[in-house]
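Welcome! Have the sequence and the 3D view ready, and try each exercise before you read its solution.

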Amino acid sequence: MPVKILSVDDEMDLELLLTQYFRRKIRKGEYEFFFAHNGVEALTTLLKQKDIDIILSDINMPEMDGLTLLTKVNEMQNPALKCIMVSAYGDMGNIRQAMNNGAFDFATKPIDLDDLSVTIEKAIEQIDYIKKTQQEHSQLESLKTDLAVAGEIQQAILPRIFPPFPENKEQLDLAALMTPAKDVGGDFYDFFRIDEDHIGMVMADVSGKGVPAAIFMAVSRTLIRAIGMQGNKPSDCIHRANELLCAESVDSMFVTVFYAIYNLKTGELNYCNAGHNSPYILKANGAVEVMPMSTNCMVGAINGLDFAESQMQLEAGDTLIMYTDGVNEAFSPAFEEFGDARLETSIGQQQGKDCRALVEGILGSVKEFAAEAPQSDDITIMAIKRKS
């Protein structure tokens with residue numbers, strides 16, 4: 001695209017001088033000139049030609065002088081439009097005022113066309129830089145919008161209706177939340193009905209942050225849910241998910257997973273912990289117990305592994321609390337870690353609350369501790385309580 005230059009001068013011979021001097025650039029399509037003879041004509045041209053790059057304007061003109069024109073141009077708030085002001089050498093007062101009012105540069109009459117050519121080239125460099133910056137800013141704004149939409153979609157694919165199984169409300173209470181550190185996150189929780197008596201529950205944390213982790217999160221959630229809903233044992237479900245994720249692994253990404261199948265009638269919990277944080281049990285009497293540490297590898301890291309599973313019993317009034325390391329590894333402004341001890345204390349303080357209030361209470365404890373410190377990792381919490 002040619003650089004578009006608007007010359008504004010009441011001296012008619014300047015048009016001939018410019019077109020003659022820059023004839024080669026005009027023929028090559030590098031420059032395109034427009035001409036006006038006062039500020040009013042210049043503004044009319046600017047309305048028609050909205051992509052003018054450079055205005056070469058005399059200061060002393062009838063109807064509207066160059067200083068007034070410069071003021072009008074400034075009101076357009078187009079940083080990529082550069083004004084080069086022209087006046088007699090003795091008119092330094094007006095030239096200085098023009099420079100103070102935002103003119104890019106100036107030239108004195110009689111115009112040294114070689115010097116003017118250098119000034120125009122210098123203005124073009126600035127214009128190109130500004131346009132590139134504006135383009136990058138637009139791209140960043142577009143990306144920011146896309147990430148915000150992606151975050152909304154990611155939240156939408158996670159279950160959000162609590163309690164989720166109204167037909168079992170006398171037996172079970174369940175609630176969860178996920179607060180990403182960025183627009184999109186790598187944590188996820190999930191729960192789904194397997195059959196009349198069993199539900200599957202997942203708490204997981206993908207390695208890494210941002211968009212790659214979010215994509216891996218979506219794939220992992222879909223695989224585990226699809227395999228789990230077929231009624232596979234937790235260890236078999238994780239084994240199969242590991243095989244599939246290892247086959248498609250990119251940049252050595254992996255996911256830690258706690259997957260459990262809960263029996264609504266008996267309270268029995270069969271689970272497989274693949275490298276994830278050990279959940280807690282808030283007992284009916286208020287005691288807080290941590291489950292055994294995982295001996296399994298994370299999912300998606302090494303193919304061909306077998307995964308062990310375990311069993312435990314939830315008694316009436318007991319609550320299982322699953323979480324990701326964004327909870328216990330949250331930092332205060334003094335870089336002190338929230339830690340396991342504070343987490344256990346916070347869990348104990350939630351005694352007697354329903355699951356929704358419980359997960360919100362733990363999140364509140366973490367936020368109160370972190371205060372103004374930036375959130376460094378996704379925070380995800382899920383709780384399931386056996387009511388009868």
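This is a predicted model: local features need pLDDT of at least 70, side-chain atom pairs count only at pLDDT 80 or more; totals for chains, interfaces and linings use all residues.

Residues are numbered from 1 along each chain as its sequence is written, and side-chain values use heavy atoms, with hydrogens and water left out.

**Exercise 1.** Find Asn168 and work out whether it is buried or exposed.

*Solution.* Start with the loop between helix H6 (113-157) and strand S6 (172-179), where Asn168 sits. Helices (H or I, at least four residues) and strands (E, at least two) are DSSP runs, numbered from the N terminus. Next, take the relative accessibility of Asn168, which is 8%. Buried means under 20% relative accessible area, exposed over 50%, and partly exposed in between (1.4 Å probe, protein chains only). Therefore Asn168 counts as buried. Finally, look at the side chains: Asn168 and Arg193 are joined by a polar contact of 2.4 Å. (A polar contact is a pair of N or O atoms within 3.5 Å; within protein, one must be able to donate a hydrogen and the other to accept it, and residues adjacent in sequence count only if both atoms are side-chain atoms.)

**Exercise 2.** Describe how helix H7 (residues 210-228) packs against helix H8 (residues 234-247).

*Solution.* First, the angle is about 140°, and the axes are 9 Å apart. Axes are lines fitted to C-alpha atoms, for helices over the stretch in contact, and angles run from 0 to 180 degrees between N-to-C directions. So H7 is oblique to H8, given that angles under 35 degrees count as roughly parallel, over 145 as roughly antiparallel, 65 to 115 as roughly perpendicular and the rest as oblique. Then look for residues in contact (heavy atoms within 4.5 Å): among them are Phe216 and Leu223 in H7, and Cys237 and Leu244 in H8.

**Exercise 3.** What is the phi of Glu63, and where does Glu63 lie?

*Solution.* Phi of Glu63 is near 65°, a positive value in a residue other than glycine. Most residues other than glycine have a negative phi. Glu63 lies between strand S3 (54-58) and helix H4 (66-75), in the loop. With a relative accessible area of 71%, Glu63 is exposed.
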